[in-house]
Amino acid sequence: MNLEKELLDFLKLGQKLEYDISKVEPGFVGLHKHENLKESHIYLEGPEETQSYYEIPAVSLTGENEYYDPEFILLWLPNEQKYGTWDSDHWDLFIFDNCEWNDIKKSPDQYINYQWEPNDLKIMEFDPSLKYKLKQGMPY
């Protein structure tokens, strides 16, 4: 999974992100324990004229939330070595450019809330067709 050392240390110590939960749309978002992290996939839609998708390897860092599907609110993309957030309802992926775990730890609210309220964070342009095979149909 090639996870950043600072992230692993943070999770191994059982630390939690500290932020004002009243100022983010999903409220409290809990992190997975380090031993529960696993590589999975997120999906991005293919070209509009076809029913198709891209399957992108990802590790969900989040696993607890009362109001939304907690998976992938914060994520790690092992192939890209980047953090991001994935909106599972709309299949929107936002990759945080030049971001390290210490950046997220310092100001988690702006990262957790990004898919609901985009802010000044620098987002990386991402074209899945450059690295991933287009699959026909839908994954589920």
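What follows is a short tour of this predicted model.

First, the ground rules. Residues are numbered from 1 along each chain as its sequence is written, and side-chain values use heavy atoms, with hydrogens and water left out. Since the model is predicted, local features need pLDDT of at least 70 and side-chain atom pairs count only at pLDDT 80 or more, while totals for chains, interfaces and linings use all residues.

Now the overall fold. The protein chain has three helices and nine strands. Helices here are DSSP runs of H or I with at least four residues, strands are DSSP runs of E with at least two, and both are numbered from the N terminus. In sequence order the pattern is α-β-β-β-β-β-β-β-α-α-β-β.

The C-alpha atoms of the protein chain fill a box of roughly 45 × 30 × 25 Å along the principal axes. Of the 140 residues, 44% are buried. Buried means under 20% relative accessible area, exposed means over 50%, and partly exposed is in between, with a 1.4 Å probe and protein chains only.

Next, the aromatic rings. A pair of rings is described by the distance of the centres and the angle of the planes. Rings of Phe, Tyr and Trp (its six-membered ring) pair if their centres lie within 6.5 Å; planes under 30 degrees apart count as stacked, over 60 as edge-to-face, and the rest as tilted. How many aromatic pairs does this rule give? The count is 13.

Take Tyr43 and Tyr53. Their ring centres are 5.6 Å apart and their planes stand at 80 degrees, so this pair is edge-to-face. Tyr43 is in strand β2 and Tyr53 in strand β3 (residues 52-60), so the pair ties together parts that are 10 residues apart in sequence. Both Tyr43 and Tyr53 are buried.

The other pair to look at is Tyr83 with Trp101. Here the centres are 5.9 Å apart and the planes are at 45 degrees, so the pair is tilted. Tyr83 belongs to strand β6 (residues 82-87) and Trp101 to helix α2 (residues 101-106), so parts 18 residues apart in sequence are tied together. Tyr83 is buried at 0% relative accessibility, and Trp101 is also buried at 0%. Both rings belong to a cluster in which ring pairs link Phe10, Trp76, Tyr83 and Trp101.

Now the backbone. Most residues other than glycine have a negative phi. Asn2 is not a glycine, yet has a positive phi of about 55 degrees. Asn2 sits in the segment before α1 (5-12) and is exposed, at 55% relative accessibility. Gln81 also has a positive phi, near 55 degrees. Gln81 is in the loop between β5 (75-77) and β6 and is partly exposed, with a relative accessible area of 39%.

Two loop residues deserve a look. Val24 and Asn113 are 89 residues apart in sequence, but their C-alpha atoms are 5.4 Å apart in space. Glu35 lies in the loop between β1 (30-31) and β2 (39-45).

Last, the pockets. On a 1 Å grid over the protein atoms alone, a pocket is an open set of points where a 1.4 Å probe fits, with protein on both sides within 12 Å along at least five of seven lines; lining residues have an atom within 4 Å of a point. The largest pocket is lined by 15 residues, and Gly14, Gln15, Lys16, Leu31 and His32 lie nearest its centre. The second largest pocket has a lining that includes Tyr68, Trp86, Ser88 and Trp116.

That is the end of the tour.
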